[in-house]
Structure formats: C-alpha cells, structure tokens
Amino acid sequence: MIEKTRRTADDNRRVVVTGLGTLNPLGNDATTTWEAAKAGRSGIGPITLFDAADYPTRIAGEVKGFDPVARFGRKDARRMARLTQLALAATEEALADAGLLSGEALDIRRRAGVIVGSGMGALDPIQDAADTLRERGPGRVSPFFVPMMLADTPAAQISITHGLTGPNLAVYSACASGNNALGEAAMTIRRGAADVMLAGGTEACILPLALSGFSVMGATSTRNDAPEQASRPFDAGRDGFVVSEGAAVLVLEEREHALARGATIYGEILGYGSSADAWHITMPDEMGAGAVASMRAALLDAGLKADDVDYINAHGTSTPLNDRAETAAIKSLFGERAWAIPISSTKSMTGHLLGAAGALEAILCLLALRDGIIPPTINYAQPDPACDLDYVPNTARAADLRVAMSNSFGLGGHNATIILGKMLL
C-alpha cells in the first residue's frame, strides 16, 4: 500500500476497492470498457433512443445492447427508470467481481451500505408522466411515477435487491456526484459506520427534454457529422461536451475486512476533497480556485504531497471554459511540475456521463494503476495555447503509476477530487 505521511485517528480503517461494475458507451462491463479505453476508441454516435433530427445536437454516448426486459422481466423493468436499471446492472457486476454476490458472502448485509449519485436524476418518468397528464388527465398517471422519479431510488433499489441494511443515501452534486459518492462512502467506512459500501453514479438523460436544455445553453458539441471526433478535451477546436449515459458502481471495503476474506484488491482510496466555487451557476472561476481547493484537500486527506501524484484523470469536458480553468488550476497547485504530470480526459472516448462520470473514471484510474497504462485523450489535434500541459494525446502510454488523482466538477460550482493508490505486493 501507499504509506501515508499524515496520521489520523481513523488511519486504522483504510478503504480499498474490491469490485468494479459499469455500463457505458464503451462497453457493458469493466473489462470491455478498459480494453476500449486503452485502444483509444470512441463510444459516441448518432442518437438512436429518440428522433433527434430537429435538434442542434444529434449525437450522444449511448449504452448499447442493454435489454432491461430480458434482465429484469417486463413488469419490473416498467416500474424502474432507466438510470435505476443501469445502476442495478452495474451493481450486480461489481458484487460478482468482489465475490459478494452469493448468499453466504452477503452475510455482511448489516454492515454494508449504498451511496449512489446522479447529476440529472430520473427524467424519463417525469417526461412520460407530464405527457400523460396533459394528454389523458390526472387519473392516468402511473401509480409508480413518484417512486420511479425520486432521487434516492437507485440507491434504495440496490439496497432492497441485495438486502443491504447499512447507510443508504443519494448524492446530487451535478457532475461531481460520482466522486462525491465515492468520497462520502469512503468516509463512512473510515468512521466505522460500515465495512462495505457500494458507491458510484448513474445517469440516463439522453432525452428530448435534457438535450433541449443543454442545446439552448450552447453547452453541447454540434459536430454531428463526425460524432467520434466530437469530444475533444483541451483541443483548440472543442465546441462543447457530448452527453452520455451509463452507470458505474464500485465495492469499497475496509482493508482488513477485505484481506480477511481473501478479496482481490484493485487499489486504495487514499484521499478525498470537496469544495465550492461560490462563483457562478454555470461557469467556473477562470483561475480554477475551487478546483485548486478540492485537489489540495484531497492531498491533505491522503497525507501526500503534490510531487506524489503520478497521473491526473481530468474532468476535461471539452468545453472552452472548463478545460482552460482546470488547466489553470493544475498549474496553480502543482507549479512547474504541472508540465511533467501526464493528464488525460477519458471523456474524449466516453463522452460526459454527468453524475456517473467520476465513478467511471475512478474505475479507469484503478485499472491504469494496476496495468501501468495511461488511457489517452483522443481527438487532440490542435493545441490550445491556454491548455499546454501533457494530455497524453491520442495514444495510451505505459508508465510506472502509484498514485492517481481524479477530478470532477459540476454546474453550481461543485468540486470533488479523489486520490487512488496502487496496491503494492
């Protein structure tokens, strides 16, 4: 394990990751996703979930080949919003990966909890219920509408499905939600409130309502004729982010608990930092002051110095303002060393999973640490003078990695950073 330099009262309860699960535009499991990310493949394409012909943006990162009826049955599938379906599927993979899916393994139920976040929430039942109310009247709105659309329903359904009676809540901090969920789950284990936590994010907002809102904001790319090239973080030609859907759930576990049962350990959550810009509802501070505070807090929590960071998975959304501000924040915190740290935005391949982005990127960081491979920032063709760091352009890179930092920043000025460490034999 990475040795901490700061000792605290909770250092004896260290938090490791023992299971990974995801469905996203690159693949419907962690292994397929990692292989695609290493190869620099894009998961972006034309929207097929509805007719987007009249929209300025007609591309997105869709989960492919997911059949909720086949997985859950027709009745149960109809009673769950798509983001809940995706969250349950990712959870099943994560629990199986951790060796906790069997009834015997889940004897830990009372000491296992769930924190799953989202950025947009369950918009599909809201959109459907509004249409039904307008067209058919109040008596025809589904009796399942309210439980389907509640912000805590994905976490609740995970708990119900697997009988987990520990702490259970939802985190909603826009695009920082996934990292906040991981960080808060780690803190839950550290303080002794649970031994195992399922944590992550889920999102399913490739819908007319959401796409309309993002489009009129001018936030999304309109590179409709070349969807695989549309997400291009830090590139001078970037014109907005690409909306994506998916879920990512990780099994977090107290280290001694994991070792006692012989679990495979991917790495350790070393540090967590969170902050607010207190600046603007949609724009970051140009110098990235809130991002600096979040990264600095994560380093302090980990007991590490800036020199200890080997790789940064950037928030890197492919928007003009965000990429400049994050670059400025990294320079402010790391000084001259900023130019020596490899940085990549895997959103160049996955698009932006909003509230699920941080959790997916944590999975990619853990696999990068395990394999010593940094996934690339694809579509990097024309350098932006304001974004002049090492963004690992276009091709994956082998590297000796021990510590990775992952950033997530959200509308409203929410910032969350986690620091992940490699398990050393």
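**View 1. Helix 5 in the lining of the second largest pocket.** In this predicted model, helix 5 provides five residues, the largest share of the lining of the second largest pocket. A pocket is an open set of points, on a 1 Å grid over the protein atoms alone, where a 1.4 Å probe fits, with protein on both sides within 12 Å along at least five of seven lines; lining residues have an atom within 4 Å of a point. Helices are DSSP runs of H or I with at least four residues, and strands are runs of E with at least two, numbered from the N terminus.

**View 2. Centre and composition of the second largest pocket.** Of the 21 lining residues, A77, R78, R79, S142 and M148 lie nearest the centre. Two or more residues each come from helix 2 (68-72), helix 3 (74-78), helix 4 (82-98), helix 5 (123-136) and helix 6 (145-149). The lining comprises 11 nonpolar, three polar and seven charged residues. Ala, Val, Leu, Ile, Met, Phe, Trp, Tyr, Cys and Pro count as nonpolar, Asp, Glu, Lys and Arg as charged, and the others, including Gly, as polar.

**View 3. Centre of the largest pocket.** This pocket is lined by 36 residues, with T282, P284, T319, N322 and L411 nearest its centre. The lining consists of 17 nonpolar, 16 polar and three charged residues.

**View 4. Helices and strands around the largest pocket.** Helix 12 gives five residues, the largest share of this lining. At least two residues each are supplied by helix 9 (208-217), helix 11 (289-302), helix 12 (320-334), strand 13 (403-410) and strand 14 (414-422).

Residues are numbered from 1 along each chain as its sequence is written. Totals for linings use all residues of the predicted model.

Definitions and conventions:
Predicted model: local features only at pLDDT ≥ 70, side-chain atom pairs only at ≥ 80, totals over all residues. Heavy atoms only, no water.
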